Amino acid sequence: EDLAALYFLQAKIKGIDEKWKMRVVFIDEVQDYSYFQLAALKAGLETDMFTMVGDLAQGIHSYRSLTEWQPVLSLFPRATYATLQKSYRTTIEIMDVANEILMQMDEDLPLVEPVVRHGKLPEFIAAESFDATIIQDVLVKIRDNQHQSIALICKTTEEAVQLIEQLEKSVIPAQLLDENSAIDQQKLLVIPSHLAKGLEFDAVILTSFDTPYDDNPLDRKLLYVALTRAMHELYLIGPSKEAFLMK
């Protein structure tokens, strides 16, 4: 987090070597960048030709990154701005559920419009605690529909480690995904919500037991990210729909 300040000082005091300069910059997931990081890049590269793509609803690092677009508009006054609201990943039925969380966010964010692709309604399964037999039954249904990549997404890394241990005891092939893992689609991928951003799966099983999603800005965004990883099928397993901030 100090790199932007060091880079900015280098640019102002000694300058940036020409071989490291770029005329055009493209940044994806720009909501994870701070306003100062963008300002430092603009100063050091001596260009304002930036193309930036981001979604504030997925800004799970918002404690140190962008929470609104206005500062970016002020930093790049010559830029052309566009709001992209079309989702090509999820079905209409899954996006309806995700938009329910989007409407609860503090920021005034537009609802996401899915392409016209219908699918299976998301399914809520009531369970007071984690039960591997329920997971096994869901996996059979998903595999019967010819879907391959399946992720079980929980809230925290600690919970993901616990779930992996229980799945292994139940002889369900599973893999704990971390930042350096190669994905094995033959196994059920267990992922903490903060690592799910940027990924997509045929089907997602979302659990909420020992560490449910609380009604606060960060948890709403973590939940939104988890819900929008599913392309075709979505299952919510927990003691109540309120554990997923839903009515």
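1. Ground rules. The model is predicted, so local features need pLDDT of at least 70, side-chain atom pairs count only at pLDDT 80 or more, and totals for chains, interfaces and linings use all residues. Residues are numbered from 1 along each chain as its sequence is written, and side-chain values use heavy atoms, with hydrogens and water left out.

2. Length of helix α6. Helices (H or I, at least four residues) and strands (E, at least two) are DSSP runs, numbered from the N terminus. Helix α6 covers residues 157–169. The expected span of a helix is 1.5 Å times one less than its number of residues.

3. Faces of α6. Buried means under 20% relative accessible area, exposed over 50%, and partly exposed in between (1.4 Å probe, protein chains only). E159, A160, L163, I164 and L167 are the buried residues of α6. They fall within an arc of 140° seen down the axis, so they line one face of the helix. The arc is that of the directions from the helix axis to the C-beta atoms. E158, E168 and K169 are exposed on the other side. The cover over the buried residues includes α5 (132–144), β6 (150–154), β7 (174–176), β8 (188–192) and β9 (201–207).

4. Positive phi. Two residues deserve a check. Q146 is not a glycine, yet its phi is positive, about 70°. Q146 sits in the loop between α5 and β6 and is exposed at 61% relative accessibility. V171 is not a glycine either, and has a positive phi of about 60°. V171 is in the loop between α6 and β7; its relative accessible area is 71%, so it is exposed.

5. Strand β10. L234 belongs to β10 (residues 230–238). L234 is buried, with a relative accessible area of 1%. Its C-alpha atom is 5.0 Å from that of V204, 30 residues away along the chain. Leaving out residues up to four places away in sequence, L234 contacts I94, P122, E123, V204 and L227. Contact means heavy atoms within 4.5 Å.

6. Cores. A nonpolar core is a set of buried Ala, Val, Leu, Ile, Met, Phe, Trp, Tyr and Cys residues joined through side-chain atoms within 4.5 Å. The largest has 47 residues; L38, I101, I191, L206, L223, Y224 and L227 have the most contacts inside it. A second, separate core of 25 residues includes F130, C154, L163 and F209.

7. Aromatic pairs. Rings of Phe, Tyr and Trp (its six-membered ring) pair if their centres lie within 6.5 Å; planes under 30 degrees apart count as stacked, over 60 as edge-to-face, the rest as tilted. The whole structure holds 3 such pairs. F50 and F76 make a tilted one, at 4.8 Å centre to centre and 45° between planes. F50 is in strand β2 (residues 50–52) and F76 in the loop between α3 (70–75) and β3 (86–87), so the pair ties together parts 26 residues apart in sequence. F50 is buried at 10%, and F76 is buried at 1%. F130 and F209 form an edge-to-face pair, 6.3 Å centre to centre with 85° between the planes.
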